[in-house]
Amino acid sequence: MGAMDGLMQGIQVAFSWQGILFVLIGVVAGTLIGMMPGLGPISAIAIMIPITYGMDPSVALVMMAGVYYGAVFGGSTSSILLNAPGISGTVATSFDGYPMAQRGEAGKALAIAAISSFVGGTVSVVLLMLFAPALSAVAVSFGPPQYFALMFLGLTAIASLSDGSTIKALITATVGFMVATIGIDGQTGTSRFTFGNPNLLEGIDFLVIALGLFALAEICFLVKKRKDQSLQNQGDIGSLKLSKADFKEMRGPMSRQSFLGFILGVLPGAGATIASFIGYISEKKIAKNPKEFGKGSIKGLSAPETANNAATSGAFVPLLSLGIPGSGTTAVMLGAFLVLGIQPGPLLMADRPEVFWGIIASMYIGNIFLLILNLPLIPYIAKILKIARPMLISLVAIFSLIGVYAISFSTFDLYLLLIFGFVGYLMRLFSFPAAPFILAFILGGMMEQSLRQSLTAAGGDMMILISDPVSIGLYIVSILSFIVPIIRNRKSAQADQADKESNAS
């Protein structure tokens, strides 16, 4: 059976009344769950698995796929409105989304996120349909040395995540790396930096750190600045209308990050988180005025939202074509496949084309549903900011505590949440950026694993890390991405100093 015949079978599944209904159910459930801090796509899919028992596998998996990208789509809401990223893929969204909400443009920020997510998701679905079989070979060709180089590239971009002192960014990144090593070593089985506390054997969950450094730190900041009149416009929703100039600003990031996000999503282990960070950093590097990033930049919001949704579709390439889960979410998706009696892999396209192509075709419908459902609801969603500030602070704190406790049912994690909240407040007070900490924590474990796998395969020979053109190319880009922002910041500081001296004279 040819690809076109399989695609026609998939379209019949996706555009049947059952397919449309369950895509709608999936994206609505995923969006609602994704909006809640602490409940991301992993939780959403796990919750929906029991519902699929007894259902037709093709229809059930169409619904599960809708839950997946619906949760990523909805995850930006809490990042923008509350500075509480519930999933790692929307951390970069908060960098510019929350400042827009602070200055009374919450409606505009949510509209930008919705449109960018739609474009990224739709473009990546087209790429998935056209290149899924071919790209599976690319995914397999990326071994541990190439992954280490890719992680190294993401890490050297830390210099771009600092608005001021690169030294402070490197310090917070180092601490993030240290925190990432806490727990049992996956290769040797020994405990590291647990200090005899059994609660630390499994390491520290990302959600504890993200909600602590962002949500609780923001609560502390709002309490401290409760009498500051400049923060009173945070309750303003603003207009949802986007001007031609806004669309012009979004056009570049959406076009570039749709492709970049999809490619990064194809690589097992990369996923939406790395795609969103690299998308944000790459746009900041090529921007004419990078100082706008972190202060409510349209490009800074559009880039990660486009990239993380494009990566979500790209993640289905290794899952469907190779049976390889590239992230925790796709690992749960793989479990859903197996529960329904479907074995993803090279034979899936030939043996069950209605499943393979049905999931891909359903993404067209799902992205349209997400846009149609979310844009009209933005005025109501944004009214969260109309809640009285003392009540809003209390709700954010409660949701953060519930979200963390629901993951592990451990009171120790609640204590850690409070500790990281205090640390985040101190970092903000002394102008230490939180983004490098998060990025280093996310990349640390994957980078260490790739390095050790590479050295094990090569018998300890470090040359394996620079043994192929792909790795060498990534290292060259890494060096440039680290040096260029430092030179740019130094020139900018010199120019500012020259302006001050000329004005003084």
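Me: Is E448 buried, partly exposed or exposed, given its relative accessibility?

Reply: The model is predicted, so local features need pLDDT of at least 70 and side-chain atom pairs count only at pLDDT 80 or more, whereas totals for chains, interfaces and linings use all residues. Residues are numbered from 1 along each chain as its sequence is written, and side-chain values use heavy atoms, with hydrogens and water left out. Buried means under 20% relative accessible area, exposed means over 50%, and partly exposed lies in between (1.4 Å probe, protein chains only). Because its relative accessibility is 25%, E448 counts as partly exposed.

Me: With which residue does E448 form a salt bridge in which the closest N and O atoms are 2.6 Å apart?

Reply: A salt bridge requires a side-chain nitrogen of Lys or Arg within 4 Å of a carboxyl oxygen of Asp or Glu. The partner that meets this criterion at 2.6 Å from E448 is R192.

Me: How many residues apart in sequence are the parts that E448 and R192 tie together?

Reply: Helices (H or I, at least four residues) and strands (E, at least two) are DSSP runs, numbered from the N terminus. E448 lies in helix α20 and R192 in strand β2 (residues 191-192), so the parts that this pair ties together are separated in sequence by 256 residues.

Me: Which residues are linked with R192 in a network of salt bridges?

Reply: R192 is buried, since its relative accessible area is 19%, and D185 is buried as well. The side chains of D185 and R192 meet in a salt bridge at 3.9 Å, N to O. The network links R192 with D185, E448 and R452.

Me: Which helices hold K108 and D246?

Reply: The side chains of K108 and D246 meet in a salt bridge at 3.3 Å, N to O, and both residues are buried. This pair links distant parts of the chain, 138 residues apart, with K108 in helix α7 (residues 106-141) and D246 in helix α11 (residues 244-266).

Me: What is the handedness of the crossing of α12 and α20?

Reply: The axes of helix α12 (residues 271-286) and helix α20 (residues 435-457) come within 11 Å and cross at roughly 135°, where axes are lines fitted to C-alpha atoms over the stretch in contact and angles run from 0 to 180 degrees between N-to-C directions. A crossing is left-handed if the near helix is turned anticlockwise from the far one by less than a right angle, and right-handed if clockwise. By this criterion, the crossing of α12 and α20 is left-handed.
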